[in-house]
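Please look over the sequence and the fold before reading on.

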Amino acid sequence: MTLFKNIRALTKIQLLVSILFTTMFLVTATFLYIEQRESIFNDVQLKMDRELNELSGIINVYIKRDKDILNLALGVAENRINEYSNLEETEGTEIPIKAVDPYTNLPIELKIKDWQIDGSSILDNYLLVDEINKLTKVDVSIYQKSDKGYVNVSTSLLNLSEERMIGDIVLNSSQITRTIEQGNQYSGRVFQRNAWYLASYRPIYIDGKIKGMYYLGIKERIGRALQDIFAARKYFITGYPFLITQQGTLLIHPSKQGEDLSSTKLYKDLLTYGSESNVMTYKWPENGDGKWFYLHFKYHPETQSYVCITYPKDEIYRDLSYDTLYMGIGFLVFFILVQVTFYFTHHSLRTKLRSLRLALNILSKGQKPAELKIEGEKEFVELSDRVNQISLRFKDLADFANGLANDNFTQKYPKTFINDEFGEALIRINDKLNEAMYNEHIRVKEEKLRSWESEGLTKFVNILQRNRDNLDELCYEIILNLVQYLNANLGALFFINSDNVNDIYFEQMATFAFDQKRLVEKKIYPEQGLIGRIYNEKQTIYLTEIPEGYINISSGLGESAPKNLLIVPLLINKEVYGAVEIASFNVIKGYQIEFIEKIGENIASTINNVLVNNKTRELLKQSRAQSELLSMQEEEMRRNIVELKNIQKESDAGLYAKREVYRSVEQILLLVEIDQTGVILSVNDQVPAFFAVEKANLIGKHFSDYSYFVPVDEYKSLITNWEILKKGIKVQQEIKVKSGIGKMTNVLVTMLPEMDKEQLVKIIIMGIEIDSN
């Protein structure tokens with residue numbers, strides 16, 4: 001009041017005019033705000049009505065398309081059914097059929113007369129319905145009239161178990177039945193198989209009477225077809241359209257499609273409007289933390305659902321809020337101008353105002369002014385105090401910012417920073433810098449892990465490329481370096497031994513503990529212990545509590561059990577080939593486990609290749625030895641044949657004294673003599689004994705009669721060699737032959753053609769047993 005009294009009369013008038021103008025400005029702004037708010041709401045209402053009509057029109061287009069498809073299908077179905085003009089109903093015998101009450105799901109026992117088409121019963125005959133279904137791509141059913149309604153006797157419909165829906169019944173109380181009984185077509189929506197179908201039913205006449213009906217239906221595609229169209233519509237910032245059925249199910253919704261809202265207040269309020277188009281407000285979620293929304297809706301009778309558009313209430317007045325803010329800022333500017341006017345209209349206040357202005361100018365440049373000491377009017381004293389407070393706050397801000405510049409991210413911020421825009425901004429910067437330092441720490445740590453892993457991969461690639469000729473040394477190198485690289489205490493390498501398919505087990509290939517090589521031989525079968533568990537589960541096992549007595553590590557200072565155990569399967573194409581077992585007093589980190597899993601396949605592949613190579617070398621040795629044995633046996637056979645021929649010559653010359661030599665050779669050979677057609681002429685005693693067949697049953701028989709003693713592939717090979725024998729060329733091969741006791745035996749067979757003037761006369765077959773499987 002003191003300040004006001006000291007103002008001159010002109011200043012009073014200026015002040016009163018300013019107050020009057022400000023009041024008029026506020027009243028006008030309030031009026032404009034209310035009017036603009038109402039105008040925005042009306043414009044939005046018109047826009048939403050247009051959008052609802054457009055969405056309803058789109059739905060109608062899809063429904064019309066489905067109706068057109070169904071009408072075309074009805075025409076096709078009617079033509080196909082009319083083509084079967086010989087459809088007749090047999091008299092006399094009635095056929096029992098089981099139906100299901102659609103309301104109670106209880107079975108119903110019915111009897112119907114047999115319908116015949118071309119002499120075949122229509123019951124469980126799907127030829128006609130499948131033909132119509134194939135032509136029209138709609139569901140087809142034929143219903144036969146019974147005393148309780150129309151029962152489905154032939155259908156293309158499948159239930160949820162993918163079975164034909166035979167026995168489906170339309171009761172006499174149904175509107176469908178009443179319409180068909182009047183000789184009319186029924187069209188509408190039906191609910192079946194957990195979905196709505198657009199369906200039509202038409203009567204079937206036999207001898208001029210309605211004896212049944214046929215059904216065509218197409219599944220409504222509104223939800224599937226319109227999902228993308230609805231999803232593309234956006235209103236304001238977060239508004240969207242959706243479709244909800246009259247029963248409360250969300251047919252189309254961007255995030256809650258298929259949910260049931262029948263128990264919500266939103267759904268109950270929506271039903272109170274009936275089929276009217278309107279707008280209402282609702283709160284969602286419906287608890288105390290919900291947000292208020294507008295809901296524009298229109299009832300769509302053909303789908304028995306509501307087409308809705310929703311959006312938050314505050315979004316439509318967002319621009320109006322900005323306008324109000326701008327008006328407030330304008331008013332604030334006007335008020336400051338008034339104050340400036342007061343300053344210039346009062347000479348005695350200029351000095352004080354100049355001091356304040358100078359201090360404010362210094363503050364605006366980011367500098368700290370000298371402390372103001374103004375006495376007199378209370379208002380100026382308060383202003384000077386405020387400037388001093390701002391100056392001190394600037395100092396706090398500068399000190400804090402300098403701390404950040406010197407990498408001091410742990411400094412405490414003054415209480416004056418609370419609710420201060422600049423102070424809170426500096427706090428956020430401090431937090432961001434702290435976060436950046438933490439992220440850099442994580443990055444460096446991850447870089448070290450990548451480097452550790454890369455060095456390890458390189459190290460083990462080099463190890464796996466060495467010692468490929470020495471499996472024991474290779475396995476020891478692997479487990480030694482694994483234990484050392486992981487800073488563990490003990491390791492063992494196991495590999496599957498499947499030499500005997502009836503005795504598969506894990507074989508301990510190498511062991512290392514406390515910088516020493518351990519020579520341990522151990523077999524572990526797939527059903528034994530943790531290693532055996534790896535074989536079945538094919539998953540890494542990591543234990544931080546090892547079963548008592550499972551493993552101990554001893555040294556000169558005593559014996560102790562490790563705390564951590566890791567077992568990693570060695571996989572190739574998801575098949576277990578071995579396992580690595582690592583025990584350590586230290587915790588085995590996740591990245592170390594991942595590292596072993598990564599190199600596991602390389603280890604398994606390398607060891608497997610070494611084992612395969614070793615087996616290959618061993619097989620080559622055996623092959624060479626067998627080849628040498630076969631050569632020796634062939635030479636022995638050749639000598640025996642020469643001796644046989646000599647014996648024959650001596651026999652012809654009357655040299656019977658050498659028959660004993662012939663008999664001794666004959667005892668080790670299977671001798672068969674056949675003519676050029678394949679008929680057996682003679683065999684020695686070894687042949688019937690070998691095949692467990694009477695000699696009389698062999699002589700005069702074709703050799704193909706006994707082809708079952710030889711596998712198919714081997715028999716085909718003998719037939720192929722027949723053409724070679726016709727040319728007078730000797731044939732020798734090793735074949736598998738099944739003896740009379742069922743045992744497969746490898747036999748070296750030599751076939752010698754006997755020619756007469758370049759014509760094949762007969763063949764002498766000599767066989768000697770090599771070994772048995």
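Predicted model: local features only at pLDDT ≥ 70, side-chain atom pairs only at ≥ 80, totals over all residues.

Residues are numbered from 1 along each chain as its sequence is written, and side-chain values use heavy atoms, leaving out hydrogens and water.

Helix H6 spans residues 265–272, and its buried residues are Leu266, Tyr267 and Leu270. Because they cover an arc of only 95 degrees around the axis, they sit on the same side of H6; the arc is that of the directions from the helix axis to the C-beta atoms. Buried means under 20% relative accessible area, exposed over 50%, and partly exposed in between (1.4 Å probe, protein chains only). Helices (H or I, at least four residues) and strands (E, at least two) are DSSP runs, numbered from the N terminus. The exposed residues Lys265 and Thr272 are on the face of H6 turned away from its buried side. Just after H6, glycine 274 has a positive phi of about 65 degrees.

The structure holds 17 salt bridges, each a side-chain nitrogen of Lys or Arg within 4 Å of a carboxyl oxygen of Asp or Glu. Three of them are listed here.

| Pair | N to O distance |
|---|---|
| Aspartate 269 and lysine 265 | 2.8 Å |
| Aspartate 68 and lysine 64 | 3.1 Å |
| Lysine 211 and glutamate 89 | 3.6 Å |

Lysine 211 in strand S9 and glutamate 89 in strand S1 are 122 residues apart, so the pair links distant parts of the chain. Glutamate 89 is buried at 17% relative accessibility, whereas lysine 211 is partly exposed at 24%.
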